[in-house]
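Subject: Structure handover

Hello,

The structure I promised is below. My notes on it follow.

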Amino acid sequence: MLIAKGFIPTVALDVMNAVHDEEIRLLNELDVLIGKREAGEDVDAELGALISELLNHVEYHFSNEERMMREAGIPVYPIHKSEHDRVRAEMQSFCADWRSEEGFAAFSYYIRQTLPEWFSGHVGTMDTVTALILSQNMS
Ligand SMILES: [Fe+2]
Ligand SMILES: [Fe+2]
């Protein structure tokens with residue numbers, strides 16, 4: 001398994017944890033398909049579909065957090081949003097060229113190394129702070 005449960009910190013808001021769990025599930029599934037493709041299996045159709053699913057899910061994840069922050073008037077919103085925007089652009093570019101040999105190597109590294117590390121760090125910092133403020137606003 002690429003990302004074990006517990007690698008991504010738990011935050012103070014369950015709706016955010018549920019979205020993070022779903023993203024972990026998608027990344028773990030992607031890791032399996034990447035392994036099959038490396039072993040010579042033709043999984044391109046499944047992989048293409050799963051990459052689209054990941055991109056849609058990440059967009060839902062980020063825009064939902066941004067909406068909650070705007071609605072609550074959280075001051076760190078611009079910093080959190082700009083970090084989401086940076087990763088949106090980065091992810092789009094690594095996911096655009098996975099069918100070529102070079103592109104697939106870069107894509108695999110991104111999914112298996114870069115993204116899990118970023119995800120853990122981001123949830124442990126910006127999402128943790130955001131969830132804490134949101135949960136205090138709600139109570
Ligand atoms: Fe998040
Ligand atoms: Fe976030």
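At what angle do the axes of helix 3 (residues 77-96) and helix 4 cross, and within what distance do they come? They cross at roughly 170° and come within 12 Å; axes here are lines fitted to C-alpha atoms, for helices over the stretch in contact, with angles running from 0 to 180 degrees between N-to-C directions. Helix 3 and helix 4 are therefore roughly antiparallel (over 145 degrees; under 35 is roughly parallel, 65 to 115 roughly perpendicular and the rest oblique). Helices are DSSP runs of H or I with at least four residues, numbered from the N terminus.

This is a predicted model, in which local features need pLDDT of at least 70 and side-chain atom pairs count only at pLDDT 80 or more, while totals for chains, interfaces and linings use all residues. Residues are numbered from 1 along each chain as its sequence is written, chains are lettered from A and ligands numbered from 1 in the order written, and side-chain values use heavy atoms, without hydrogens and water.

Contact means heavy atoms within 4.5 Å.

Helix 2 and helix 4 pack at about 20°, axes 12 Å apart, which makes helix 2 roughly parallel to helix 4. Among the residues in that contact are His-61, Phe-62 and Glu-65 of helix 2 and Phe-119, His-122 and Asp-127 of helix 4. By class, 13 are nonpolar, four polar and two charged.

Now the metal site. Glu-65 (OE), His-80 (NE2), His-84 (NE2), His-122 (NE2) and Asp-127 (OD) coordinate the iron ion (ligand 2) at 2.2 Å. Donors are N, O and S atoms within 2.8 Å of the metal (3.2 Å for Na, K and Ca); water is not among the atoms, so sites may look incomplete. Along the chain the donors are spaced E-x14-H-x3-H-x37-H-x4-D. Glu-65 also bridges to the iron ion (ligand 1), and the two ions lie 3.6 Å apart. Glu-65 in helix 2 (residues 44-72) and Asp-127 in helix 4 (residues 101-138) are 62 residues apart, and both are buried (under 20% relative accessible area; over 50% is exposed and in between partly exposed, with a 1.4 Å probe and protein chains only).

His-122, in helix 4, counts as buried because its relative accessibility is 4%.

Regards

Key. Helices (H or I, at least four residues) and strands (E, at least two) are DSSP runs, numbered from the N terminus. Ala, Val, Leu, Ile, Met, Phe, Trp, Tyr, Cys and Pro count as nonpolar, Asp, Glu, Lys and Arg as charged, and the others, Gly among them, as polar.
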